[in-house]
Amino acid sequence: MDFNASTLLLLLPEIVLLSAIAVILVLDLFLDQSKRVFTYGMSLAALVATMAAVMLGDNTSQVVMHGAYVVDAMGSVLKVALLSVGIFAFIYSRRYLSDRNLFKGEFYVLGLLAILGMMIMVSAGSFLSLYLGLELLALSLYALVAFDGDSKPGSEAAMKYFVLGALASGMLLYGISMIYGATGVLDFAGVAKVIASGQADQTVLTFGLVFVLIGIAFKFGAVPFHMWVPDVYQGAPVVVTAFLGSVPKIAAFAMAMRILAESMGGLGPEMGWQGWQGMLIILAVLSLALGNIVALVQDNIKRMLAYSTISHVGFIFLGLLAGGDKGYSAAMFYTIIYALTAVGGFGLLAILSRKGVEAENLHDLKGLNKRSPWLAAMMLLIVFSMAGVPPTVGFFAKLFILDALVNADLLWLALVAVFFSVIGAFYYLRIIKVIYFDKPESEEPIAANVDARLAISVNGLAMLYYGIFPASLLAVCQAAIAAL
Amino acid sequence: MDFLIGLYDSLPVAIQIILKIVVIMGPLMVLVAYYTYAERKVIGYMQVRIGPNRVGPKGWGQPIADAVKLMFKEIVLPTHADKTLFLIAPLLSIGPALAAWAVFPFDTGLVLADINAGLLYLLAMTSIGVYGVIIAGWASNSKYAFLGAIRCAAQIVSYEIAMGFALVGVLVVAGSLNLGQIVEGQSGGFWNWYWLPLLPLFVIYFISGVAETNRAPFDVAEGESEIVAGFHVDYSGMAFAVFFLAEYANMILISALTALMFLGGWLSPFQGTFMESWFAWVPGIIWLVAKTFVFMFLFLWFRATFPRYRYDQIMRLGWKIFIPITIVWIVVAGAMQVYDIGPWYQ
Amino acid sequence: MSFEKFLFYLFAAILVGSALMVITRRNPVHSALFLVLAFFNMAAIWLLAEAEFLAIVLVLVYVGAVMVLFLFVIMMLDIDLATVRAGFIKHLPVGIVVAVLMLVEMVLVLGPKHFGLTKYAAPEAAPADYNNTAELGLSLFTQHLYALEIAAVILLVAMIAAISLTLRKRPDSKRQNVTRQHMVKKKDRLKIIKMPAEEKG
């Protein structure tokens with residue numbers, strides 16, 4: 001536990017990223033607007049370097065920095081996942097931003113800082129570092145949502161996000177203070193130990209758990225704490241939505257795992273289904289129902305995808321509440337895949353947007369197949385994956401969750417999930433129909449940069465690749481969860 | 001004498017504390033009164049005038065005449081003013097200015113409250129004095145007063161940062177937040193005082209102090225040529241006098257603090273030289289007062305010399321010049337401390 | 001009742017009273033000033049709990065800086081509370097129900113049964129030479145080093161966010177470039193023209 005140079009080596013990914021941010025921030029100041037692409041390149045390089053640091057680093061489970069920082073396989077896998085999704089989100093953003101005079105260094109710096117916050121959350125070893133990481137993430141995201149200062153919906157969305165986010169942070173902190181009051185420690189391992197010993201006051205713990213869970217549900221955007229999701233997704237610039245709708249889900253998953261499974265895990269079984277699993281059932285079922293049903297009537301595709309996010313969150317919660325290695329690894333698999341899918345979906349919208357034209361309504365996608373068959377095919381793969389149509393990876397992600405549920409004797413929940421997925425399939429198919437069977441409204445060819453085209457191709461084909469070989473990623477998730 | 005000490009010891013603690021407060025406040029109030037007289041005289045001579053010379057011998061009675069006049073004047077309450085706040089504002093202005101003296105050491109051990117975080121306490125007290133000004137400006141319900149309040153709020157918040165950083169430098173070299181220990185850390189004569197290793201911070205602290213007290217050339221909150229008299233344009237009689245008192249008490253406080261933290265407080269400047277024994281009979285408090293007077297004089301000199309800063313220039317000076325310099329110098333001071341550079345640290 | 005206890009209840013009563021005033025006053029400036037009063041009383045209570053460093057920092061940071069800016073903004077915006085409170089009566093019943101429910105729950109949980117002196121014994125007073133500031137510094141830079149660093153990054157984000165959201169270069173604003181003014185040489189500004197002296201008529 002002592003502090004020495006080898007401790008710093010374990011923190012290398014965060015240190016690399018933070019140093020890169022500092023360098024980019026200063027260099028960007030001296031760049032001409034015409035050379036702004038240099039900032040973009042450096043940001044991508046920073047992400048790649050951080051990813052290398054994660055991959056090359058030691059990931060044998062250990063706790064350093066007086067319990068504040070955890071190194072383990074789950075952390076490394078999730079970090080690699082969120083860095084890769086972040087790279088996609090950055091690549092999709094370039095053209096969209098420069099078309100709107102928003103191509104500024106701050107966008108990338110704030111994005112990198114958000115990613116730093118998420119990395120801190122992923123490897124948080126105590127409530128304190130988790131909360132600080134969360135705030136770092138949230139502050140960067142508020143600023144990103146309001147990034148287009150001239151856009152009224154953007155500012156309004158940022159305001160809503162900020163007010164509700166602050167409320168959720170307050171709830172989370174209040175819950176943490178209760179847990180601290182009951183156990184006297186802040187690090188997850190310590191809390192788990194006190195709970196296991198039976199010394200802690202169960203009432204106070206449960207009270208704290210409720211508030212913490214509200215905080216988690218808000219960050220995920222689960223019903224009934226979902227109010228911000230549609231407005232923020234719709235109001236933010238689409239490239240910000242691509243970022244905000246994908247990467248933070250991975251961090252939220254880590255937060256849920258660290259709090260619920262690692263520290264409060266002992267609380268559930270003792271109280272039967274009265275523990276957090278019971279609360280998650282309510283959240284999950286409500287999210288599945290509301291997300292899928294309301295999405296049916298949306299014409300704005302950003303809003304539709306926002307409601308679809310809510311339903312996907314329901315699925316992730318199902319995996320978490322199923323519990324056990326199987327449930328957790330299924331939820332982890334689902335989260336990573338969902339983040340990858342979502343960034344592709346929103347990224348495609350960013351690619352389709354042109355100067356002065358936002359592709360955000362369903363009719364903007366009309367006849368995409370005629371205009372660009374390749375992009376249409378990528379969109380098909382992404383939407384199929386969201387809907388869970390084989391052979392895309394979404395199907396397997398859902399399958400693993402259902403399997404875990406059945407394994408945990410929760411057949412009825414599995415049936416509910418399937419029922420709502422079938423309802424959800426309808427609006428996904430609506431997108432496909434518009435793309436393939438409607439007449440295009442404009443014949444204008446789609447201008448996309450090579451990097452964005454390449455990224456969307458990789459992104460779309462990944463849906464297919466992991467759909468055909470899901471075992472490769474699942475094995476990684478299982479190994480990570482088993483090492484907890 | 002022994003009888004008096006015995007009597008004092010037999011008193012309850014609360015009465016003892018009140019006595020001590022009286023002993024500090026009495027001379028302070030007299031000093032404030034004659035500081036206003038000194039200001040008019042000094043600036044008078046600088047401008048080749050005589051200044052007040054009618055009341056009493058050489059005008060010595062002028063401050064008393066002023067005080068009596070102000071006491072008997074009516075306090076006018078503007079019709080649409082927020083009456084409670086309007087009357088509270090002068091008190092909020094003078095309260096912190098006087099409360100700050102609680103931790104001020106006049107000599108070794110000669111202090112009302114010897115607390116560990118004295119430096120922080122002082123910083124807190126000098127920064128909350130702004131409430132008097134803001135509330136006065138707002139409660140008057142007049143646009144000139146309000147403009148003064150707004151200017152003052154922005155100005156004080158800006159300079160407080162530079163001031164705080166300058167004190168961080170003092171903290172770094174002294175290694176203590178206790179004012180007595182800060183002075184003891186400077187013992188060893190003129191070249192051991194903190195003004196030398198912390199020269200930029202010393203200058204910045206004093207200039208920020210001038211800005212913090214809203215004195216010329218940073219007196220945009222009053223700005224009599226632009227916004228009449230700024231925040232206290234609607235005040236009269238005793239209410240105005242209290243603002244006046246607070247301003248001068250603050251000036252004395254800033255001068256005394258600068259002397260304490262950068263010029264060795266009550267330490268003799270001849271310490272460590274052959275002249276040390278010649279001046280051994282001088283009590284420490286005399287040195288402290290002498291050093292304080294230097295800075296008090298500077299306040300007046302500034303007022304007679306410099307034209308008022310433009311508002312944006314004030315902001316620029318505070319944010320773009322003082323704050324960066326203080327940050328850099330804290331690092332330098334830290335390095336000097338760690339690597340034992342210079343004769344200042346033992 | 002000991003003197004300290006009396007002080008505690010006094011400050012606590014003022015604290016709760018002023019906190020109530022913060023949310024009930026019609027005038028936002030009054031609310032903000034009551035918040036300042038609440039901060040002061042909180043600081044006093046912390047002093048009683050021997051957290052002198054934190055108490056003074058609370059006054060220094062929140063009263064001395066944050067609330068000044070807060071007041072500054074409130075005064076500048078001159079908020080019209082009528083529009084802000086338009087939905088107040090409409091949502092009042094729901095609000096009251098939720099508030100009462102939460103209050104009951106909190107009273108049930110936070111009462112002496114779970115947080116009483118039997119559960120948590122009163123801590124012993126620190127010795128007279130205990131240096132609160134030094135201990136806090138040690139703890140911050142050893143045990144909580146990681147958290148401290150993250151907090152620093154959060155402040156950086158706040159700064160970047162504030163600047164990127166508010167800094168607009170307005171084409172019509174005239175600004176002074178002090179560096180350029182300083183760099184000016186005599187020959188840039190002053191041009192001496194030689195001309196023949198006029199002859200006397």
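## Which chains meet

How far apart are the nearest C-alpha atoms of chain A and chain B? They sit 16 Å apart, and the two chains do not touch. Keep in mind that this is a predicted model, with an ipTM of 0.89 and a pTM of 0.87.

Two pairs of chains are in contact, and the pair sharing the most contacts is A and C.

## Where A meets C

Chain A brings 28 residues to this contact, while chain C brings 17. On the chain A side, the elements giving two or more residues are helices H5 (105-122), H6 (127-145) and H9 (202-220). H6(A) is the top contributor there, with ten residues. Sorted by class, this side of chain A holds 18 nonpolar residues, seven polar ones and three charged ones.

## The nonpolar cores

The largest nonpolar core has 209 residues, and those touching the most other members include Leu116(A), Met118(A) and Ile401(A). Helix H16 of chain A (residues 324-352) supplies the largest share of this core, with 19 residues.

A second core is separate and has 125 residues, among them Ala89(B), Val172(B), Ile207(B) and Phe39(C).

Back to Met118(A) for a moment: leaving aside residues up to four places away in sequence, Met118(A) touches Leu82(A), Gly133(A), Leu137(A), Val247(A), Pro248(A), Ile250(A) and Ala251(A).

Chain C has a mean pLDDT of 84, and 96% of its residues reach 70 or more.

Technical notes. Residues are numbered from 1 along each chain as its sequence is written. Chains are lettered from A and ligands numbered from 1 in the order in which they are written. This is a predicted model: local features need pLDDT of at least 70, side-chain atom pairs count only at pLDDT 80 or more; totals for chains, interfaces and linings use all residues. Two residues are in contact if their C-beta atoms, placed from the backbone, lie within 7 Å. Helices (H or I, at least four residues) and strands (E, at least two) are DSSP runs, numbered from the N terminus. Ala, Val, Leu, Ile, Met, Phe, Trp, Tyr, Cys and Pro count as nonpolar, Asp, Glu, Lys and Arg as charged, and the others, Gly among them, as polar. pLDDT is the predictor's confidence in each residue, from 0 to 100. A nonpolar core is a set of buried Ala, Val, Leu, Ile, Met, Phe, Trp, Tyr and Cys residues joined through C-beta atoms within 7 Å. A residue is buried if 20 or more other C-beta atoms lie within 10 Å of its own, exposed if 12 or fewer, and partly exposed in between; C-beta atoms are placed from the backbone.
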